[in-house]
Amino acid sequence: MVKSYLKWEHYKTFGIVASGTANAVWTTEGARTTGAGKAVVPANEEILTWDIKKGELLSRWNDPKNKHEVSVISQSRTDPDIFAAGYTDGSLRLWDSKTGTVIISFNGHKSAVSALAWDKSGTRLASGARDAHIIVWDLIAEVGLYRLRGHKDMITGLQFLKSSTDNEDDMRDAADGDGFIISTGKDTLIKLWDLSTQHCVKTHVAHHGECWTMAVMPDERGCVTAGNDGEMKVWSIDTEGLGSRASSDTDCIVDQGTLYRQIRDRATAVKFHQDGNYFAVHGADKNVEVWRIRGAEEVQKALKRKRKRKEAKGEKVEEEGIAVATIGDIFVSHTVVRTGGKVKSVDWAVKPRSKSSDPEQLLVSCTNNSLEFYDIEKAKEKKNAEVPDYNKLYSVELPGHRTDIRGLSLSTDDRMLASASNGSLKIWNIRTGACIRTFECGYALCCSFLPGDKIVVVGTKTGEVEMFDVASSQLLETIQAHEGAVWSLQVHPDGKSLVTSSADKSAKFWDFVVEEEEIPGTKRTTPRLKLKQTRVLKLSDDLLSACFSPDGKLIALSLLDNTVKVFFVDTLKHLLNLYGHKLPVLSMDISHDSKLIATCSADKNIKLWGLDFGDCHKSFFDHQDSIMQVKFEKNSHNFFSASKDKLIKYWDGDKFEKIMNLEGHYGEIFALAVGKTSDIIVSASHDKSIRVWEQTDEPIFLEEEREKEMEALYETTLTTSLEGDEDETDEVGKAGKQTTETLKDGEKIMEALELGIEDLALVKEWKLAKESQSNLAMPPRNAQYIALGGVSAEKYLLDVVQRIKAASLQDALLVLPFDKAVDMLTFLDIWAEKEWNIPLTCRVLFFILKTHHKQIVASKTMRSMLDSVRAHLRAALKHQKDEMGFNLAAVRYIKNGVDVKKSKNFMDEEEYRGYEEKNTKKRGFANLA
């Protein structure tokens with residue numbers, strides 16, 4: 001009998017405000033004008049929408065198929081409800097913010113997407129990635145148009161430029177595939193691409209070192225790029241020159257000068273305000289510099305002051321106009337905003353009906369899992385104006401920790417969770433994922449609920465034990481328990497005492513006592529829970545972990561000398577020494593029947609020991625980094641291990657086998673807690689997220705799990721081997737990328753083709769035979785067609801092709817070998833003849849002709865087939881053209897009818913004036929008010 005286990009699955013995630021993997025985007029709240037707007041932020045693999053003023057989570061966008069982090073977010077210029085998100089695996093998804101669903105998904109890049117840009121019409125999207133390629137996507141046809149290669153390192157900035165100022169040209173540019181793209185990369189270059197010819201027309205070296213970011217001004221007259229050492233360069237863009245660029249002698253991008261930030265560190269992002277008067281720039285520190293662009297009058301005043309100073313010094317001054325102003329006279333530093341954490345990204349908040357006197361508002365996303373919203377005063381007109389002030393209006397920080405969570409503890413009924421980090425202890429409701437309480441504490445290393453779930457104890461790095469009352473939200477007392485860090489604390493199974501183990505080489509036992517305490521100023525007393533130290537166990541080395549056996553008889557202590565010592569709890573007599581680990585044991589747990597102890601160590605090993613004789617039953621080596629936690633499942637010998645390699649593994653302690661991997665975290669896992677009553681486990685990681693996993697009813701078998709792992713490994717090697725086929729030297733290439741999905745789609749087409757060709761031959765034979773025998777029965781067709789209600793072979797194939805996403809159709813067709821492509825032409829001929837889905841028929845036909853052009857030209861037998869396809873396509877296209885012409889004429893006729901009804905009768909001018917005067921006299925009293 002094969003043993004089956006129940007599968008564990010990811011249930012929910014909370015504790016994350018905004019991850020530091022991508023930028024945050026500010027957006028309006030629609031009709032409401034009183035709020036501060038919404039923030040659309042990355043949260044590992046999900047995207048969250050926060051109400052900035054209330055600090056509420058409004059929506060969570062999650063694609064179940066996606067297992068990769070968000071790397072960039074961008075909002076559409078034309079439809080504010082549509083957002084594009086790039087991911088670390090090179091895929092793109094377009095989200096509808098109203099429904100929180102994916103509209104289109106693309107996959108073209110080999111590594112993380114680093115920049116996104118929308119064109120003016122909102123019909124094209126350009127993406128740049130770490131693989132140094134730029135891909136232009138058509139959002140109407142849902143296909144990748146082409147790939148631009150020219151940069152040698154990650155793309156850091158990307159923007160569409162229009163060649164003229166006429167709005168009607170935007171749609172025409174998009175339809176014709178015209179326009180320009182300006183891009184920067186870490187390879188120090190700034191490039192200008194002509195999209196009509198799909199090649200690079202201008203390249204400049206932007207900085208001596210890497211070019212870290214680029215922002216184009218809203219009016220597209222210039223752009224700012226940022227390099228190392230606080231250097232920022234301003235470039236002017238000649239938009240008129242772009243359209244009329246007959247010869248390449250005219251330079252459309254000109255370096256206008258260099259600005260320097262106050263902090264001489266590299267800038268990671270520049271963001272222009274929508275009005276174009278301000279821009280914000282920040283690095284990887286806790287400062288956001290806001291710069292202002294002066295108007296013409298201000299620049300003249302500044303030049304006048306310069307002249308006066310020169311005259312006062314007695315220098316010779318020539319009469320100068322505004323033309324001689326340097327870039328430092330036009331761009332001036334406005335203010336520096338000091339933020340609460342290191343800045344990841346900024347975005348300007350531009351409200352629809354804001355007055356000109358209102359302060360500017362800035363949304364800042366920090367790397368410490370928080371969002372901040374600032375008011376920044378505008379520049380004053382006075383001569384001695386001070387540095388403009390700013391103030392923090394709102395922040396979203398309560399639903400998450402600022403630093404890594406080091407300790408987790410579940411309440412006895414598994415309804416509440418305590419999580420402790422450096423500086424804060426939070427209590428969460430597991431079911432809703434809401435933060436109920438937040439306490440300030442020291443640098444916490446471990447925490448635990450006391451029996452009754454009213455009080456939480458925290459052990460800190462400074463050796464203190466802090467007690468917090470959850471109900472009244474207050475710190476009850478702080479005890480200086482140890483001289484060194486308190487690495488672990490555990491409550492005794494009888495619930496009457498606890499043990500703390502510390503780096504001061506001692507374990508201390510504490511009893512819970514209730515003392516009557518006087519209320520100051522009165523004679524009344526109140527009962528207070530206190531910790532009273534009863535015994536101390538001193539050892540030869542630092543203690544890293546302590547664990548009671550569930551029967552309460554034994555205590556295991558792990559030491560810095562890589563050993564684990566087991567003592568009797570009542571007498572503290574030494575029972576066992578567990579030798580075997582090469583590095584210190586970081587965590588351990590004893591099974592429910594007190595028979596087994598599991599220890600995990602920094603040497604990447606888990607060892608399972610018997611507590612009767614201290615013999616090592618088995619050593620497991622499967623993690624790739626230090627194992628931080630090990631925990632037994634309730635009432636079972638199965639256990640979980642969590643490691644710095646971002647994985648949780650589930651093991652069978654009786655058969656000594658790995659059952660499954662729990663994947664989902666994107667950072668090192670530091671803490672793990674197992675449910676005491678329900679089938680859940682909770683894990684906390686360096687990615688700031690707390691994840692809850694639950695046991696499902698789905699059974700799993702070990703052989704199947706191993707097979708799935710091997711298949712996944714094979715699929716990754718297969719797609720990487722396919723990717724290397726294309727020539728990388730050309731400046732322009734195909735936008736697609738082979739994935740396991742496109743391979744499966746290609747196989748589906750091949751299967752449908754094989755069935756279809758057989759069926760066509762069968763039907764042809766039957767029709768020939770029927771001419772001689774009129775009552776001949778139809779031979780049995782393939783079961784697939786009969787199951788679908790006797791569908792024809794050509795209709796079945798069309799359904800298969802139609803089901804494939806437009807974005808991955810070309811990559812799926814690439815899978816077909818030449819003989820299958822010839823079979824495909826047979827069906828394309830039938831589709832053209834029957835006028836089925838002509839746009840799709842043409843797409844498939846043109847792609848096959850382009851891909852297999854040399855073989856098709858060399859073969860004489862294919863000429864008749866191609867002639868037939870051409871004749872049928874021409875007839876179908878002519879029919880569609882006639883239909884469109886007829887419909888257009890009908891629409892024009894209806895329009896003329898509507899215009900006739902709308903138009904007014906002719907009226908004499910004098911008569912009209914008299915009519916107007918008569919009306920105004922009647923309403924004369926209205927002016928008195």
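Start at His492, in the loop between strand S36 (486-491) and strand S37 (497-502). Helices (H or I, at least four residues) and strands (E, at least two) are DSSP runs, numbered from the N terminus. This is a predicted model, in which local features need pLDDT of at least 70, side-chain atom pairs count only at pLDDT 80 or more, and totals for chains, interfaces and linings use all residues. Residues are numbered from 1 along each chain as its sequence is written, and side-chain values use heavy atoms, with hydrogens and water left out.

How far can we trust it? pLDDT is the predictor's confidence in each residue, from 0 to 100. The protein averages 88, and 94% of the residues score at least 70. Over residues 922-929 the pLDDT is below 50, and that stretch has zero contacts in the model beyond near neighbours in sequence. Contact means heavy atoms within 4.5 Å.

Back to His492. Buried or exposed? His492 counts as buried because its relative accessibility is 12%. The cut-offs: buried is under 20% relative accessible area, exposed over 50%, partly exposed in between, with a 1.4 Å probe and protein chains only. Leaving aside neighbours within four places in sequence, His492 touches Ser497, Leu498, Phe548, Gly552 and Val569. Its side chain reaches the backbone oxygen of Gly552 at 3.4 Å.

Next, Ser594. This one sits in the loop between strand S44 (585-590) and strand S45 (596-601). At 11% relative accessibility, Ser594 is buried. Beyond neighbours within four places, Ser594 is in contact with Ser549, Pro550, Asp551 and Leu611. A polar atom of the Ser594 side chain lies 3.2 Å from the backbone nitrogen of Asp551.

On to the helices. Helix H8 (residues 793-803) has these buried residues: Ala793, Glu794, Tyr796, Leu797, Leu798, Val800 and Val801. They pack against helix H6 (740-772), helix H7 (783-787), helix H9 (809-814), H10 and helix H11 (838-851).

What does H10 contact on H13? Phe818, Val822, Leu825, Thr826, Asp829, Ala832 and Glu833 of H10 meet Met862, Met865, Leu866, Ser868, Val869, His872, Leu873 and Ala876 of H13. By class, that contact has ten nonpolar, three polar and two charged residues. Here Ala, Val, Leu, Ile, Met, Phe, Trp, Tyr, Cys and Pro count as nonpolar, Asp, Glu, Lys and Arg as charged, and the others, Gly among them, as polar.

That's my tour.

How values were computed: Polar contact = N/O pair within 3.5 Å; in protein donor to acceptor, adjacent residues only side chain to side chain.
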